[in-house]
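Hi,

Here is the structure I said I would pass on.

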Amino acid sequence: MIKYFLSKLLTFVPTFFGVTLISFAFIRVLPGDPIIVMAGERGLSDERYAELSAEYGFDRPILVQYWDYLTGVLQGDLGESFVTKKPVWDEFFALFPATLELALCAMVFAVVLGLPAGVIAAVNRGKLFDRTLMSTALVGYSMPIFWWALLLIIVFSGNLGWTPVSGRISLLYYFDTLTGFMLIDSLLSGQDGAFMSAVNHLVLPSIVLGTIPLAVIARQTRSAMLEVLSEDYIRTARAKGLAPVEVNGLHALRNALIPVITVIGLSVGTLMGGAILTETIFSWPGIGKWMLDSIFRRDYPVVQGGLLLIAVFVMIVNLTVDVLYGFINPKIRKR
Amino acid sequence: MALLRIRNLSVDFATASGKFRAVDSMDVTVDRGDILAIVGESGSGKSVSMLAMMGLLPWTATITADEMSFDGIDLRSVTAAQRRKIIGRDMAMIFQEPMSSLNPCFTVGFQIRESLRKHMNMSRRERHQRAIELFEQVGIPEPEKRLGVFPHQMSGGMNQRVMIAMAIACRPRLLIADEPTTALDVTIQAQILELLTGLQRDTGMALILITHDMGVVAETAQRVSVQYAGQKVEEQPVRPLFSTPHHPYTAALLAALPERATSKILPSIPGVVPGQFDRPKGCLFSPRCSKADDRCREIEPENQPEELGRAKCHYPLGVNEPEMAQ
Ligand SMILES: Nc1ncnc2c1ncn2[C@@H]1O[C@H](COP(=O)(O)OP(=O)(O)OP(=O)(O)O)[C@@H](O)[C@H]1O
Ligand SMILES: [Mg+2]
């Protein structure tokens with residue numbers, strides 16, 4: 001198990017350097033010059049431009065710039081935002097909990113609905129529920145997030161007036177940030193209705209962000225279950241006189257989870273991508289919105305650092321999934 | 001009263017290319033403490049008939065029978081919940097492939113205790129004790145340690161012992177062993193068969209042993225039912241079956257035994273069991289039978305009387321001269 005973990009950890013290293021390179025290159029291949037963007041409509045003189053260029057180090061060869069960036073990263077220094085002059089690191093951690101909370105809720109939504117739906121569909125293969133679910137999943141999977149979000153907003157916020165359209169909590173409540181997770185902070189604040197307000201704000205964005213993972217998980221669970229259900233040990237379980245709930249929910253699902261866990265891990269990456277869009281639509285103050293704004297401002301350090309931190313986060317999640325996978329699959333665990 | 005009585009059992013599968021009859025009007029009778037062997041080549045419907053009785057066939061199967069009773073209970077009319085109280089407790093089954101028949105995600109101990117938890121009114125401790133006892137009974141060394149092990153960490157032979165322990169956990173009155181040794185190597189095969197017959201002797205349970213190995217039959221069974229292409233073609237007690245087989249198919253199976261071979265080359269029955277698309281008219285064995293004539297190829301034979309092992313043949317073997325003259 002330890003060896004398995006270390007070998008997975010080792011694959012981290014090349015990925016990490018790859019991401020530093022890609023994030024560095026990505027923002028630079030976009031047309032547009034950060035100094036010009038910062039100067040805005042008024043523009044600036046050539047001398048001032050040269051001065052600023054030298055200040056930010058843009059006048060040096062690109063490889064030297066990358067080397068500087070890399071050595072900085074390795075020392076834990078991600079630089080400062082061109083715009084706010086605050087360390088990227090600090091900005092990221094101020095905003096990250098909001099994204100994490102949204103992503104977690106989206107994931108919970110996707111798993112809590114997707115797993116049972118997949119199981120039930122597989123057990124009732126070919127019947128009405130199965131066919132309905134699978135075509136719905138296909139629609140969910142190919143739904144443009146933007147359009148889906150607007151539809152939900154129109155129905156639930158507009159017509160029905162059940163949910164708010166933007167932000168994390170109603171302006172009526174104010175309390176200090178302790179954990180950065182609004183659900184927890186609102187509970188800790190002890191203010192009446194704060195928690196419900198936070199929940200209300202979370203519902204729509206979570207559904208929007210969780211829809212694609214939900215479709216993926218439901219489909220994957222179904223196909224994994226179908227495979228498992230034809231295995232000999234399922235017949236053995238039934239021959240013991242176990243009830244369908246025990247056969248499907250314990251013997252079959254336990255085996256089907258092995259591939260499904262992998263898919264759940266992989267969809268965290270998708271979720272981070274989807275978060276950018278979702279946060280923009282719902283004015284959710286997380287890193288998605290922050291990154292998008294920074295890209296428009298050509299704020300090099302923020303984009304580089306943000307991409308790198310998101311990538312590291314995804315890698316950590318995948319590593320956790322690998323470990324979990326090892327635990328859930330005895331053939332790996334006992335090695 | 002017989003422990004198990006099946007009359008005129010047929011199983012049809014709905015397949016993409018139409019209906020396929022895997023078991024065709026089969027009769028099985030097993031008394032308490034009996035050992036019945038069901039022999040036949042691959043594809044002759046041995047497993048399907050037993051799975052039908054256990055209620056383990058997929059929904060594509062249609063089961064019909066004039067009678068299917070176990071211990072006085074009509075298996076045709078029981079509800080799924082009632083059946084689940086019977087199978088795994090009074091009627092248990094072990095399968096061909098020990099490696100794939102155990103769940104890879106649970107320890108073997110869990111899988112054994114699960115049967116006990118389901119059917120027996122036992123405390124945690126008692127279940128653990130009983131599991132150890134069962135492991136000792138089926139000859140698994142260091143039971144205490146082995147209970148915590150996953151199936152892939154043990155050999156096929158050990159896994160089959162686990163399967164047997166699991167099947168006998170609730171002291172069944174009928175154990176169905178579906179080719180329990182096919183996947184194992186020869187030395188282990190003998191051990192497992194010995195274990196099964198030993199357990200049968202000690203517990204007095206009835207045993208149905210499915211096999212395609214006539215050699216196994218000779219050593220273990222009391223009665224033999226020979227199955228071909230979904231039909232029972234002959235049934236006799238072991239000794240007379242080996243000395244005077246009445247159906248040409250039985251005779252051919254016996255001739256294929258290594259110790260009966262007269263030449264260096266082992267005789268085998270030419271051709272294969274007919275499947276869905278090549279079912280012949282008349283006697284199903286006629287295309288492979290050396291004695292078949294036009295009558296065999298046209299008219300399906302009736303079963304001969306009891307004295308002739310109910311052989312499903314127009315020209316049964318081993319009939320006395322005077323009878324032949326008639
Ligand atoms: N679920 C199913 N759907 C369709 N046909 C099936 C199904 N299960 C079994 N059959 C068919 O029924 C026939 C009898 O199969 P069965 O497994 O009973 O044979 P068997 O005598 O046990 O052979 P073996 O010695 O290989 O185990 C075979 O032709 C098989 O293809
Ligand atoms: Mg079989």
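Confidence first, since this is a predicted model: chain A averages a pLDDT of 87, and 99% of its residues score at least 70. Among the elements of chain A, helix 11 (residues 232-239) has the highest mean pLDDT, at 95, while helix 15 (residues 330-333) has the lowest, at 73.

On to what chain A looks like. Its secondary structure comes to 15 helices and zero strands. The C-alpha atoms fill a box of roughly 85 × 55 × 40 Å along the principal axes, and 46% of the 335 residues of chain A count as buried.

A:F146, A:W147, A:L150, A:L151, A:I154, A:V155, A:L160, A:W162 and A:L277 make it up, with about 860 Å² of accessible area together. Helix 8 (residues 145-159) of chain A gives the most to this patch, namely six residues. A:W162 sits in the loop between helix 8 and helix 9 (182-189) of chain A. With a relative accessible area of 56%, A:W162 is over the 50% cut-off and therefore counts as exposed.

Now for the ligand. Ligand 1 has 15 residues around it, and the closest are B:S42, B:G43, B:S47, B:V48 and B:E179.

- B:G43: a polar backbone atom is 2.9 Å from an oxygen atom of ligand 1.
- B:G45: a polar backbone atom is 3.1 Å from an oxygen atom of ligand 1.
- B:S47: an N or O atom in the side chain is 2.6 Å from an oxygen atom of ligand 1.

On its own, ligand 1 has 630 Å² of accessible area, and the protein covers 68% of that. Strand 2 (18-30) and helix 1 (46-54) of chain B are the elements that give two or more residues to the shell around the ligand. Helix 1 of chain B supplies the largest share, three residues.

Next, the charged pairs. Side chains of opposite charge can pair when their charged atoms come close. A search of the whole structure finds 28 salt bridges over all chains.

One of them joins the side chains of B:D34 and B:R223, at 3.2 Å from N to O. B:D34 is in the loop between strand 2 and strand 3 (35-39) of chain B and B:R223 is in strand 10 (residues 223-228), so this pair ties together parts 189 residues apart in sequence. Both B:D34 and B:R223 are buried.

Since B:E179 lies in the loop between strand 8 (174-178) and helix 8 (186-203) of chain B and B:K46 lies in helix 1, the pair ties together parts 133 residues apart in sequence. B:E179 and B:K46 are both buried.

B:R297 and B:D294 form a salt bridge too, at 3.5 Å from N to O. These two are three residues apart in helix 12 (residues 294-298) of chain B, so about one helical turn separates them. B:R297 is partly exposed at 40% relative accessibility, and B:D294 is exposed at 56%.

Finally, B:R32, B:D71, B:R89, B:D90 and B:R173 are linked in a network of salt bridges.

Cheers

Terms used:
Residues are numbered from 1 along each chain as its sequence is written. Chains are lettered from A and ligands numbered from 1 in the order in which they are written. This is a predicted model: local features need pLDDT of at least 70, side-chain atom pairs count only at pLDDT 80 or more; totals for chains, interfaces and linings use all residues. Side-chain values use heavy atoms; hydrogens and water are left out. Patches are made of residues with over 30% relative accessible area and no salt bridge: like charges are joined within 9 Å, nonpolar side chains (Val, Leu, Ile, Met, Phe, Trp, Tyr) within 5 Å. Accessible areas come from the Shrake-Rupley method with a 1.4 Å probe; for residues, only the protein chains shown count as cover. A salt bridge is a side-chain nitrogen of Lys or Arg within 4 Å of a carboxyl oxygen of Asp or Glu. Helices (H or I, at least four residues) and strands (E, at least two) are DSSP runs, numbered from the N terminus. Buried means under 20% relative accessible area, exposed over 50%, partly exposed in between (1.4 Å probe, protein chains only). pLDDT is the predictor's confidence in each residue, from 0 to 100. A residue is near a molecule or strand if one of its heavy atoms lies within 4 Å of it. A polar contact is a pair of N or O atoms within 3.5 Å; within protein, one must be able to donate a hydrogen and the other to accept it, and residues adjacent in sequence count only if both atoms are side-chain atoms.
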